Amino acid sequence: MFDHGQPSYAEVNKDVLSVMLETGPKYWMLLGTTMSVAGICFFMPWIYQLFVGVGAAGMNRNAVWGSYLSNFIFWIGLSHSGTLLSAVLHITNSPWRKAIYRSAEAMTLFSLMTAAMFVMVHLGRVWFVHWSFPIPNQMGLWPNFRSPLMFDVMAITTYLTASSIFIYMGSVPDFAAVRDASTGLRRRLYTIFSFGWRGTAREWHTLGWAYTFFAIFVIPLAVSVHSIVSWDFALSIVPGLHHTIFAPYFVCGAIFSGTAGIVTVMYCLRKFLNFERYIGQVHLDSLGKLLITLSLIWSYINILELFSSWYGGTSFELEALQFKLTGFYAPLYWEMILFCAFVPLLILFKKIRWSWNKMLVISILINVGMLTERFIIVATSQPRKFLPDAFGFYFPSWIELSITVGAFAIFATLFLIFIKWVPAISIYEVKETLKPLRRDA
Amino acid sequence: MSTFVEKLRQYRKPGYYDKFDYHWTMTIDLDRCTGCEACMVACQAENNLPIVGEKRFAENREIKWIRIERYWEGEYPDVKMRFIPMLCQHCDDAPCETACPVFATYHNQDGLNTQIYNRCIGTRTCAVYCPYEVRYFNWFTYTWDEPLEQQLNPDVTVREKGVMEKCTFCIQRIRIAKDNAKDDDRRRVRDGEVVPACVQSCPTEALVFGNSNDPEAKVSKMMKNPRGYKVLEELNTTPSIVYLTKVHS
Amino acid sequence: MSKISRRDLLQYIGAGGIGVVGGVLYGESVQQNVELLIPQVVPPEDYSPGVATWYNTVCNQCPAGCGISVRIREGKAKKIEGNPVHPVSQGRTCARGQAGLNALYNPDRIRTPLQNVGQRGSGNFEEISWDEALTTVGSRIGRLKIDNEASRVRLLCGRVRGHLDELFLQFMNLLGSDHYQQYDFTYPSALMAANKMSFGTDVLPYYDIRNAVFLLSFGADYLGTWISPVHHSLAYGHLRQGREGRRGKTIQIEPRMSLSGAAADEWIAARPGTEGLLALGIAHALVSEGHYHGSDRDEWSKALQAYSPSLVSAETEVSEDKILRLAREFGTSTASLAIAGGATAAGTNAVASIVAVNALNYLAGNLSQPGGIIFNPDPAFSATAGSRQAGFQGMLDLIGAMKAGDVDVLLVHDTNPVFALPDNVGFRQAMQNVPLIIALSSFRDETTEMADLILPTSTYLESWGDDVPDPGVGFPVASISQPVVATLYDTLPVGDIVLSLARQIGGELPIHMRWGTMEEFIKERWREEYDQRGSEGEEQEFEAFWQAALEAGVWGQPGAVAGDQPVPLSSSMIASIADPVSRFAGDESDYPFVLHPYLTATFFDGRGANLPWLQEMPDPMTSVVYGSWVELNPVTADELGIREGDVLDVESPAGSVRVPALIFPAIRPGVVAIPVGQGHAAYGRYARDRGVNPIHIVATLIDDQSGDLAWAATRVKLKLTGERLQIIKTDGVTRTLGRQILGPENDHA
Ligand SMILES: Nc1nc2c(c(=O)[nH]1)N[C@H]1C(S)=C(S)[C@@H](COP(=O)(O)OP(=O)(O)OC[C@H]3O[C@@H](n4cnc5c(=O)[nH]c(N)nc54)[C@H](O)[C@@H]3O)O[C@H]1N2
Ligand code: SF4
Ligand code: SF4
Ligand code: SF4
Ligand code: SF4
Ligand code: SF4
């Protein structure tokens, strides 16, 4: 379990809390960088776009959806695995989960937020976004519950709420640990955050069942979220999008890219926060096996999708299929197949699976592939629907590319802030996995 | 609660949309249409469609509520050009309507697919869902070179950036006709009283508009023409526009 | 012919049945240029906020003379529609007609009189007052008049009809100059000449497309640009689907498919320049196959001897079978009609071709028959329209006079020869020799830019006038133009300018020049016409008539259809025509392609290019907006390795233009087509520096018999420049890909 020797309870506290309590110039520089990138690449172009209109992006009359929505699905997808994986592993009682789940759940939260940002960026009149919430108003107007976008609003807000509660609940004993290890303002704050946690048996008991309850609750929620995101597309009758396989396809893809994302984040935690002792080979191995499984399912669904398009035999589907496989964006499609179907097969080799560096590369490639997948879904189908005369073409503008890059900086910023406020590794659960201490030690 | 359930039942009942007060319908005779595009300019004039400029046109950001699609058949010398005017089909089972999260587009009691600019938040989902590609988005706030704005039709809203728009079957003309009918102490609008701008201008009289609930209306008779068909009928959107196919001789 | 019965029309005129309110009061009330915050404290009778009024007037976007109704709200023009009682437009308009509002509210209108202060043509103008402008002109030409040098004053107009034409004439008479001429690129001079030859009259007949069953068009894009597009479109709709169980058929013969070609059942791309020969071949077959039964049958077969289908087939590259079939269908259809225009009427064989087409009509017995050619009665006004068209030859004469220094003052109104003449005739250069050029114009087009003095005219929507549509519709018709809105700027209707100038010149004014305004003048002339027509009566009677005519916008006499006129068409005519095959400028080995310039339904001859709605109206056949292109057959393009957007130098013996290539499936290999209309060097922000003008590289061959410019008789060569340019168009993929879009029967890709 622990590659570099088992730490003592005190060492766990110290290792984890030191990340929060000791802040060096490197951290500030990093935070400064991510915040500047987010400001320059994300917010400035967005503000410009708010002034001139969504025309600042590359979308046009035949291709009304573009990279903003690709990014939206990508980040929603990335959000999976975090909370979902954590919950599944919790109820299946997998001990290797304990070191990674806090960061994974944080990932869920932050990618959901980033995804929500893309909804805002996408909207033509974001200043009226509240109309998509069922807020009672004097006009007596309600949102349209038949719209998959409304399902989205519901699903995402619910998932965001549930995930937030889930991560918060699991952190309460750790907040107490922070409280105990700090003084002054921080102590007072964490007294509030920890709800006065004292660690009584009753408290542990309550936390235990509440946590399990939420874990069970969150699993169908996570599955539904990406199913619903897929319905934004599948409920249209657009050739290439109107596929019943879309919900499982999206869910599988989401967990796939989410898992790969976890590998990336784990690597960074290990590397930069010196968590080598807690995040070890066993995690990498398990995540690797999960990735292979997901990749195989993903490939299978892709083959199915191609098959049903071809088998359906309508001019609409065949055209869409042909464009996807051989059209302008075909190189991106084949890049996606390479990165998501073939590259993960390398993980079958133990030598690769056990190498942090190689796994980092693979995990990043998978997510590049998955980002491409989302782009292909949006960019190749809806500009070429039923009437050939109205066929169009979409290419992202530099504003979109910039915002795409900026989103990663937003995510990183949120994460950097997170590690200063919440223990990035669950202290008490890691301790649960420690072998009982020998008295003579 | 019970009224709510009742309403829901009624709403869910198949054919809910069949019982229109008026059912505004258009027929387009492709054997008459010459592709002259008078209808396009008429619509632009009537409905305050913007002049987007060369740059925006090059980016495919034009706004044309009615457009003429052109299809070539065959190769030289036996080559033929086929025109087909394409505008919102006012589908009775409109995919665009289910898509809109805020009811900015919905079906009204006259069988129109209406578009409420004020309510639109600009998700563009409706445009993706519409198989006829007749929804046009305001990528920018367009302006008119002074004094061209003096021509703007005061009966029609000028749209701002971020809003979806499309053919309304010239709803302002329908409203005026209804008002006139009311002022005249008539309950109903007579056949031929509502003439949308495109129909009005069409120099070959390819377009006919009217209330298909009235069996005596010209449009009802045109719809019975054996050449009649609906574009992409297999998608089951139940369009309100019946095309009459071109005759081959 | 027209769908409106005599009774309807009279009813409309009598009762003012469409509820328009008379324009006289309105016209009086809006004679103000100051814009007030609250425009009218005591509003005019017909001004109520929120309520629209409609005024009938005449469209001026092309010479067809459609009647239009303009919707006015709060004193602003909002919409143009066809005038439902006008027999030409019958309630419809074309796209150009709609876009008239863009002319009225065009941001680039000339708003005050302007004086050139820089070099001529440099575009440096300074605002001056009307008084100053009129005095300058008046004193200058007044002096010439006194010096008996008035013939050094020339007046050049576009196509001006109705009483404005008479006013111009009287003005020139007053001066003592007989140099009043008109030039309109689209004026069917060859058609006039050929009809004069065939029928002895150069009034355009009425082509009864509406009642035809078989329409054979030699190059005439009757649905887009030829003579009276809206009227023909109405007729076409009727021909196709207006008669229960009897669908008319149309055939189009032209090297590049036009709108009318697209609408046709069959499109035949004969070898360019041989269309007239094809007509003779068809005529030969018609006679030899026994479809002609006239007593002079033998003479005709003798006259047509040289044009046997087999020979004609070889020359025209139209199969013999097809010629025989066309002859049979044309000869046996109950109502067949052949028309000629476009490139067919713009070769060196233009008149010959049209005469051949006229002969076809004669042989098939289509003259003075429903669905055939119907001869118009005398126009409603005694002044015949078009008789002052200078034609190309007249323009060459004018250029010669200018070059020779014989012109002191050139008055130009509503015509743009700098744009609409080939570069190498040197109109622009010749203008440099004229000491004073005065433009009466609403827009700063290329010719106006050359003026020393610009007298800004009000647009047709702000002016009084009248019109006799040409061709007529088979019975006498006259339309009234009235201002539908208050004049926007410090401009004057052209008639009022002429009247003011007449007063400036001084001397004894002839009776008609004494009227203060065009409005009074028109009304007085209508009164005279009214009296002349034997409707003498009390004053009151004319007032009522005038009021009704003003409301209806048109007056007509549907009953007065011309009787059977003797048609002096004999077989000897065939012998008297020139070579029925066109010659081309440029050697085929050096210049392998025939240049096919064509008028567009969007810009017509270029006058629509300053209207943004038209710039944004996709070209009907190609969907291109905002630019020019050269069309190539796909096979030709393939052979030359040319892709869409490759910029080509199109070089003729007379010049060259640089324009991107567009692959066009319906053009004959060996022919390249460039639309006319773009390529303006001036003419406002929407037109300027956009595309190219193919007229500029047309070689100056002329039609053998009419002396008109043979603008379709130039050969060109193509050179790839290596540059590329995005052609802006709305089309995606222009094949149906087997989808059910055009209807069940059309389900083939
Ligand atoms: N276009 C137009 N503008 C006008 C006028 C016009 O005729 N046309 N008339 C002018 C005149 S004379 C007037 S008095 C003003 C009136 O102008 P406003 O006072 O703006 O009048 P309303 O729109 O009638 O009502 C205002 C709001 O009060 C809400 N309301 C209704 N009952 C209650 C209540 O019990 N409590 C609260 N808190 N809110 C309630 C309504 O839902 C509505 O949103 O408009 C002036 N402006
Ligand atoms: S044509 Fe398109 S926009 Fe119009 S009702 Fe149908 S789906 Fe909606
Ligand atoms: S763009 Fe507007 S109308 Fe269309 S779905 Fe979105 S909110 Fe509704
Ligand atoms: S019905 Fe009205 S809104 Fe619709 S295309 Fe015609 S003119 Fe435009
Ligand atoms: S105006 Fe009429 S004929 Fe012309 S393109 Fe439109 S529908 Fe066709
Ligand atoms: S054909 Fe068109 S441009 Fe010409 S007069 Fe008629 S409406 Fe005007």
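1. In the classes used here, Ala, Val, Leu, Ile, Met, Phe, Trp, Tyr, Cys and Pro count as nonpolar, Asp, Glu, Lys and Arg as charged, and the others, Gly among them, as polar. By these classes the shell around ligand 2 comprises nine nonpolar, three polar and two charged residues. There are 14 residues around ligand 2, and those that come nearest are C88(B), C91(B), C96(B), C130(B) and R135(B). The model discussed in this note is a predicted one.

2. The fold of chain B may be summarised briefly. Its secondary structure consists of eight helices and ten strands. Chain B has a radius of gyration of 19 Å, which agrees with the value near 18 Å that a compact globule of 249 residues would have. Along the principal axes, the C-alpha atoms of chain B fill a box of roughly 65 × 45 × 40 Å.

3. The interface of chain B with chain C deserves a separate point. The contact involves 70 residues of chain B and 82 residues of chain C. About 6500 Å² is buried between the two chains, with 53% of this area on carbon and sulfur atoms.

4. What polar and charged pairings cross the interface of chain B and chain C? The rule finds nine salt bridges there, together with 34 residue pairs in polar contact, both partners being at pLDDT 80 or more. In the salt bridge between R70(B) and D731(C), the closest N and O atoms are 3.3 Å apart. On the side of chain B that touches chain C, at least two residues each come from α2 (38–46), α3 (53–58), β2 (67–73), β3 (80–86) and α7 (197–201) of chain B. Of these, α2(B) gives the most, with seven residues. By class, this side of chain B has 32 nonpolar, 15 polar and 23 charged residues.

5. Chain B also meets chain A, through a contact that takes 47 residues from chain A and 49 residues from chain B. The buried area between chain A and chain B is about 4100 Å², and carbon and sulfur atoms give 56% of it. Three arginines, R61(A), R125(A) and R146(A), supply 19% of the area that chain A buries against chain B, more than any other three residues.

6. Between chain A and chain B there are two salt bridges. R61(A) forms a salt bridge with E62(B), the closest N and O atoms lying 2.8 Å apart. The count of residue pairs in polar contact between chain A and chain B is 32, both residues being at pLDDT 80 or more. Elements giving two or more residues to the side of chain A that touches chain B are α2 (25–52), α6 (148–181) and α8 (201–234) of chain A. That side of chain A has 29 nonpolar, twelve polar and six charged residues.

Notes. Residues numbered from 1 in each chain as written. Chains lettered and ligands numbered in written order. Predicted model: local features only at pLDDT ≥ 70, side-chain atom pairs only at ≥ 80, totals over all residues. Heavy atoms only, no water. Contact = heavy atoms within 4.5 Å. Buried area = accessible area lost by both parts, 1.4 Å probe. Salt bridge = Lys/Arg side-chain N within 4 Å of Asp/Glu carboxyl O. Polar contact = N/O pair within 3.5 Å; in protein donor to acceptor, adjacent residues only side chain to side chain. Helix = DSSP H or I, 4+ residues; strand = E, 2+ residues; numbered from the N terminus. Near = heavy atom within 4 Å. Rg over C-alpha atoms; globule rule 2.2 N^0.38 Å.
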